[in-house]
Every structure is written in C-alpha cells, then in structure tokens.
Amino acid sequence: MKQALMGVLLLVSLPLAAAGMGEAQGLYLQHCAVCHGADRFGLTGPALLPESLARLRRAAVIDTISAGRAATQMQGFAGQLTPTQIAAIADYLAMPPAELPRWELAQMKASHTVFAGATDLPDKPRFTADPLNLFVVVESGDNHITVLDGDRFEPIHRFPTHFALHGGPKYAADGRFVYLASRDGWISKYDLYNLTYVAEIRVGLNTRNLAVSADGRYVLVGNTLPGTLVVLDGYDLTPLKVMAVADEAGQGSRVAAVYTAPPRGSFIAIMKDIPEIWELPYTTEAVAWPIDSGSLHDYRAESGEAFPVRRIRLERHVDDFVLDPAYEHLIGAARDGTVQVVNLTAGRRIANLPLTGMPHLASGITWMRGDRRVLATPNLKEGAVTVIDTQDWKAITRVPTLGPGFFMRSHENSRYAWVDSSLGPARDTVQVIDKETLEVAKTIQPAPGKTASHVEFTRDGRYALLSIWEMDGAVVVYDAQTLREVKRVPMVKPSGKYNVWNKTRLSEGTSH
Ligand code: DHE
C-alpha cells in the first residue's frame, strides 16, 4: 500500500508541485465540482477518480479539460485556465482521494428511482418488428442506445444512457427487459416493449459488469470500487444484498467479472486480487444440477442464507473467462496470459493451457468441428486466434490474423467466425475464418482508416452486423454467407450490439 502510494506520488508531476495540491483542489472545486461532485464521485458528469480514469493517458485527460468532449456537456477550459492550471487539475484527478471512497447500502437506496407507472405497462411491443430479433446497439460516442429492427435494419428508437456503458447489456429471459451497466456504477432497467426506462440505481463508484439470473428475479453486479458484489431485485432494482469481497483472511478484492450460469441456477464471479472463483446459487428450487455429491446443493441447504458463497480456491487468479456451453467448465485467463480450465462441479483446476500473449476469453466462442467442440479465442496482444479442443483442452492451431483484436463472433447457422484486429495497425480490417478449415477466408475493410470491430448476427444467422467505431461511424450489415455488404446504418461510435434471440437463447457464437 505504502509502495503504491509512493508510486502515485512520484507520478504527480511538476504542474501539481508548482500549483500546489491546495490550489489544484481549489481549481477543481471552482470549475469541475458542480458536474463531477466535490468528492469526485460524479453527479451529472462522470466520476473522476483514478479508477474511473485508468483507461485514459494523462495527455488525454489534459486534452479533455482543455478542449471539452464532443457530444457531451463537457466544455473546454482552455480559454479560462492556463496550461499549468489544467495540468495541475489532471494531476489532482490522478491522486486517490484522502479517504477511501465508500458506497454503501444507504447511498444506493438514495440513488434508486423507479419511474412512475413504468412497472405497470402493457406486455406487448409498441412496434411491429420481431421483438426477439431486435438489436440493442450501444453508441458510446454520445452515450445513447439505438434499438434496431433486426429484419429491416431500421432504427426503431434511440434513447440516452448514463455515461460510458460497458460490457454486454443483459436481457431478461423473455427479452422484454434489458439491463445496462455504466462504468460509474449506474444500473438501469429498460422496457424494450414500451421503449422506456423502468428503474435505475447507482450500486458503486466503479463497476465491471452485471449478470441477470435465468429466472429474471435477480441482477448481480460486480464492482471494483468498492470491491463489492451487489444483488438487486430484477423487478425494480431494489438492492437486496451487498457483499464485501474478501478471502477468508480478510484480503479484499475488486471483482473482475460476473456471469449467470443458467443450468446451475447460479452466478459465477471472478476476482482481480484474490485467487478465488465464487459461485452464488440464486434459487433454492429444483434445478437440474449437474452434480450429485459433495455438492453445491448440499452446501446451500446447510447454509440457509440467501446467496451463500461457494469459494473455489485456485493457485493463480483469473481476470477474464468464458464458460463452456454445458456450464461445467470455466476457462480463465490472467493478465500475465496464463490460462487455466476449472471444473466448476469438482471445484478445481483440471488443465493449464500454454497460450501466449493475452487471450481475450470473454470473447471466446465455441462450435462443433466434426465430432469435437472447439473453443476459439482472440488475443489482446498478438495477431492470432487460438483454437482449442474442449475434450482434451489442447490447442489445435493458431490462426494468424492481421493484428491483436478484441472480439470474435459467429452463429450456429454460419460457417464463418469473425474477428477484428482493432488493437493493431490493421484496425480498419476484420477477418472471416472458415470454422472447418480454420483458415482466413476473407479480409474485409469496411471503411479504410476507421476502426472496425464487434460483430453480432441476426437471430437466424443470415446477416452479420459490424461496427465502425468512429464518431461518424456506422453499423454495417453483411450477408453472412456471401460476405457482401447489404446496408450501412449511421451510428455514433457503436461499441457493441446485442441480438435478443442470440443472447437469450445462449447462442454458441456470442457472449451471454
Ligand atoms: Fe470490455 C465486455 C473487461 C476494455 C468494450 N469487457 C467486457 C466484459 C469484461 C470486459 C469483463 C464482459 C462483460 C459482460 O459481458 O457483461 N474491457 C474489459 C477490460 O478488462 C478492459 C480490457 C479494460 C477496462 O477498461 O476495463 C476492457 N472494453 C474495453 C474497451 O476499451 C472497450 C473496447 C470500449 C469500451 O466501451 O470501454 C470495451 N467490453 C467492451 C464491449 C463489451 C465488453 C463492447 C461487450 C462485448 C459483448 O459482445 O458481449
């Protein structure tokens, strides 16, 4: 801790030293606090804590303070403040607050809103499009969502969201409601039939992602600040339980990710700072558990507590993971690139995978190749997709790509899997891999010089929708068989798109 603090202090550069901490704080309170809060926890503007700004370089923070942020209420301060004052504010924002930030049940309750009349609306869509073939498209450029008709590729509705949504929006099982998480800890429930928000609540200061139970009764949110798991009522987001994450010796941890495991009737959570996986059963009713002894079921019966925690202890922690289609195995990667396979029923690691770079397993997908199910993962550091046999957990091949990428997608009805190279110089290309030959069948460059990424299929797998990740971006629709462009729908930096059918039917070609 002392070392970490020293590191932060050393990072504080000359402008802060020159202006002095007091002056920088004074400038912050005078110019920024009205939108971002005196405590930097965020108000109408986002939180400005080191955790919230971790993805931005110092130069980008200075640039935003100087020039403002397009399509938001953030104005530029270059005309009012000197470059030294702006740099001092940027350095002040990189400092942790004097007191450890807390966000407890009382603060959550104070932030909770159930919108008037919104829990009592008709159970029928207000539009004629197929409600199971809608896409929710997150436009991160100006913090909006477009609801897109997945047959005609026409927008049905566009609405504002909290700042910086991240992770996949999650649907309730019938696809009517969608739950959204912002990096700043805001969770919203939206009614896709009536095109209106139902409820919202702030559950933390920095959130990883959320998961929805298969029965729709609960939402679980994993936070990094503070390190908590929060259970909400799926109906109106009332907070039901807040769990501080720590190992049995009391070492606290940030949450790295949470997912729902429908056949297990449980949530699975991984932790950033302790080598543990937590399984939290959310139903005490009969579930087709894949286990019969030494079991979670027994544990749960003994516990009698709501959301008891089953700890799976590992030697090394995992930061990123995917579950196999049977929800029997968790395949997890650590930041150092090591990958382990954990049998969730047995509660132990059963294999290590000797992969290189940094596999992005949250984007891993599986398919049947002959009589074997394979798992393919893109890589955040290397231009390659690794294909793994899920029977013996051995890598079959590495498919070279044009660069490191984030996302990989396919569909049961498609012979191709799509992968981007958005983290390298060929960021304006995506590649289409033949799932049988495991070779690149085509390289597509939808808009030269503009970042291309994140594909999602229509419910029948006939079309693949790709994002051009720019302020003047678009969702480009391709015929998934001929790989020819069909349509281009303008969007503002569409970071991701989510098809109701594929997500709720747990398509093997996408994330859930
Ligand atoms: Fe993501 C999903 C973690 C940076 C866009 N990202 C996820 C999920 C995790 C994760 C655990 C799964 C959540 C889920 O499905 O509910 N992301 C991380 C990181 O650790 C990382 C590398 C660093 C960080 O800042 O947290 C990171 N992610 C980014 C970005 O910089 C991206 C490209 C732009 C952004 O919006 O912040 C980004 N992440 C996404 C998207 C998804 C996502 C679009 C949903 C993918 C899907 O199809 O399900």
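This section describes the cysteines, the iron site and the salt bridges of a predicted model.

The structure contains 0 disulfides. Cys32 takes part in none, and the cysteine sulfur nearest to that of Cys32 belongs to Cys35, 8.8 Å away.

The iron atom of the ligand receives a single donor from the protein, atom NE2 of His166, at 2.2 Å. His166 lies in the loop that runs between strand E4 (155-160) and strand E5 (170-171).

Salt bridges number 27 in the structure. One of them joins the side chains of Glu104 and Arg102, with an N to O separation of 2.7 Å. Within this pair, Arg102 is exposed, with a relative accessible area of 53%, while Glu104 is partly exposed, at 38%. Another salt bridge links Glu485 to Arg488, at 2.9 Å from N to O; Glu485 is partly exposed at 41% relative accessibility, and Arg488 is partly exposed at 35%. In the salt bridge between Asp215 and Arg217, the closest N and O atoms are 3.8 Å apart. Asp215 is partly exposed, with a relative accessible area of 36%, and Arg217 is partly exposed, with 37%. Beyond these pairs, a network of salt bridges connects Glu248, Glu276, Arg311 and Arg313.

Technical notes:
Residues are numbered from 1 along each chain as its sequence is written. This is a predicted model: local features need pLDDT of at least 70, side-chain atom pairs count only at pLDDT 80 or more; totals for chains, interfaces and linings use all residues. Side-chain values use heavy atoms; hydrogens and water are left out. A disulfide is a pair of cysteine sulfur atoms within 2.5 Å. Donors are N, O and S atoms within 2.8 Å of the metal (3.2 Å for Na, K and Ca); water is not among the atoms, so sites may look incomplete. Helices (H or I, at least four residues) and strands (E, at least two) are DSSP runs, numbered from the N terminus. A salt bridge is a side-chain nitrogen of Lys or Arg within 4 Å of a carboxyl oxygen of Asp or Glu. Buried means under 20% relative accessible area, exposed over 50%, partly exposed in between (1.4 Å probe, protein chains only).
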